[in-house]
Amino acid sequence: MEKLLNIWYASGAYNLSIGQMIMILVGLMLLYLAIHKKFEPLLLLPIGFAGVLANIPQAGMAFSAVENALYFASADVLRDLAVVLGSSSLDPDHLKHLYYDSNASTHAAASLVAQDAGYNNGMLYNFYNIAVASGAAPLIIFMGVGAMTDFGPLLANPRTLFLGAAAQFGIFATVLGAVALTAMGVMDFSLREAAAIGIIGGADGPTAIYVSTMLAPHLLGAIAVSAYAYMALVPMVQPPIMRLLTTQAERKIVMSQLRHVSKLEKILFPLSLLVLVALLLPDAAPLLGMFCFGNLMRECGVVDRLSDTAQNALINIVTIFLGLSVGSKLSADKFLDMQTLGIMLLGIVAFAVGTAAGVLMAKLMNKLMGGNAINPLIGSAGVSAVPMAARVSNKLGLEANPQNFLLMHAMGPNVAGVIGSAVAAGVMIKFVG
Amino acid sequence: MDDLIAEGLSLMVFGMGFVIVFLTLLVFVTSLMSRLVMRFEPAPVAKPAVTRSPSAAQPAQNDAELVAVMTAAIRKFRSDRDGQ
């Protein structure tokens, strides 16, 4: 009878807390969105599944050895940990806070004590440390994105870079929004947290993840989930804003055909971008450096095997680990918070403001150049989200004029948006980090 | 609290300013690079035209041959059938 009771006490059903149950439901909802609604399934599927795994009681897959030791808490281990952390109380919650705030050497010492006592890091925790905390996964994905990007349309019409710059306004407006909410006492965000939230408006998953691991790792789960969810919602969020800000005549503007871009130009572009980054903004060098490297592999034409690996096999492998790592941050104590709600709200504002700024910039450029050179619909593609945002521009253009194909023209601001959000990320890290 | 707003504002002004300056420079650098490349590299339009013409001619030649062979075969077939 006692053994039966022991099995019951060790079961998931006995130990399930309300928070964990809600988070498992959140994970299942992400799976539903990924599978049935096809919302960025490549990321939301691993994220949702890891969200479920991270909240299985007693398994501790998303926890470090120390967190697991504190959870299972035998008196001896607690005493040893208290000594290492320099605490007189043996309260596990108190010890956990000390552990979170401790410096690297104390952190390592506590981990060793927990490992001596037979506790280990959970699998998802290890994935997170290796792939995301180190910064490796977002950067490798950025390399793959570089290898998939064709800068041809941008090189044929470099002025579209301005559209990519304007759309980054969404990022900074959202930072201000988050700060204002804090000042009004509605939410409580620090400037670092506000900066990490704003980058959702860059509509670029890897950049958002990279910046939030640097500036606010505890918000990573909420930020990554809202970034990818809103990227999937681009076809619904953008069109009403674009219709509101343009007239029928403007939507009908036909753009002149793009000129031919030589191979040499395509090879020299990533190199010039790299030099510019090195000279002006070294903080964006990890992101844009990997991006330029990937693009050079694609365009130089002598390492097709490497380019192929970077844009297929490697990016797929890394996506799996990135998704699982991000999902491991969906644990109840970190996600079920008013802050998450605020992040979701600010994220959509960031998208909307970015879209509007891109469209308005295109209209301004038309005014300044005194003509109808640019269809304002391609301005919205400045919020990266490659290639979804460009497809939205194309679709709206076709609605206004069935002969008007804007896709290639919209790819220019679209890839400019990727560069723009990486630059914005570098600025954030420099000023706030 | 006002400090935080001020910091947010300055981050917005400096950040957005920097993004615009950086991408403006990139526009200049890119345009300059393209102009240099186009000056030093012979016009790319001529090349594809040259390579295209023989590749276009070849199938045409083949077609003519094929038509001749088929016509001959049909004639032979018809004459054989008429003969029987």
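Biologist: How many residue pairs are in polar contact between domain 1 of chain A and domain 2 of chain A?

Modeller: This is a predicted model, in which local features need pLDDT of at least 70, side-chain atom pairs count only at pLDDT 80 or more, and totals for chains, interfaces and linings use all residues. Residues are numbered from 1 along each chain as its sequence is written, chains are lettered from A and ligands numbered from 1 in the order in which they are written, and side-chain values use heavy atoms, with hydrogens and water left out. A polar contact is a pair of N or O atoms within 3.5 Å; within protein, one must be able to donate a hydrogen and the other to accept it, and residues adjacent in sequence count only if both atoms are side-chain atoms. Between domain 1 of chain A and domain 2 of chain A, with both residues at pLDDT 80 or more, the count is two residue pairs.

Biologist: Which helix supplies the largest share of the side of domain 1 of chain A that touches domain 2 of chain A?

Modeller: Helices (H or I, at least four residues) are DSSP runs, numbered from the N terminus, as are strands (E, at least two). Helix H3 (18-35) and helix H4 (41-54) of chain A each supply at least two residues of this side. The largest share, eight residues, comes from H4(A).

Biologist: Where does the domain assignment of chain A put domain 2?

Modeller: The bounds come from an automatic or database domain assignment. Domain 1 of chain A is given as 13-119, and domain 2 as 136-432.

Biologist: How many residues of chain B take part in the contact with chain A?

Modeller: Contact means heavy atoms within 4.5 Å. Chain A brings 40 residues to the contact, and chain B brings 29 residues.

Biologist: What share of the area buried between chain A and chain B do carbon and sulfur atoms give?

Modeller: Buried area is the accessible area (1.4 Å probe) that two parts lose on being put together, summed over both. For chain A and chain B, this area is about 3,100 Å². The share from carbon and sulfur atoms is 89%.

Biologist: How many salt bridges does the rule find across the interface of chain A and chain B?

Modeller: A salt bridge needs a side-chain nitrogen of Lys or Arg within 4 Å of a carboxyl oxygen of Asp or Glu. Across the interface of chain A and chain B, the number found is zero.

Biologist: How far apart are the end C-alpha atoms of residues 12-33 of chain B?

Modeller: UniProt, in an unreviewed entry, places a "transmembrane region" at residues 12-33 of chain B. Such positions are given in the numbering used here, feature names are shortened, and annotations may be inferred rather than shown by experiment. In the model the span is 100% helix and 0% strand, and its end C-alpha atoms are separated by 31 Å.

Biologist: Which peptide bond of chain A is cis, with omega near -10 degrees?

Modeller: Most peptide bonds are trans. Pro387(A) sits in the loop between helix H24 (338-368) and helix H25 (388-400) of chain A. The cis bond runs from Val386(A) to Pro387(A).

Biologist: What is the phi of Gln58(A) near?

Modeller: Most residues other than glycine have a negative phi. Gln58(A) lies in the loop between H4 and helix H5 (65-72) of chain A. The phi of Gln58(A) is positive, near 75 degrees.
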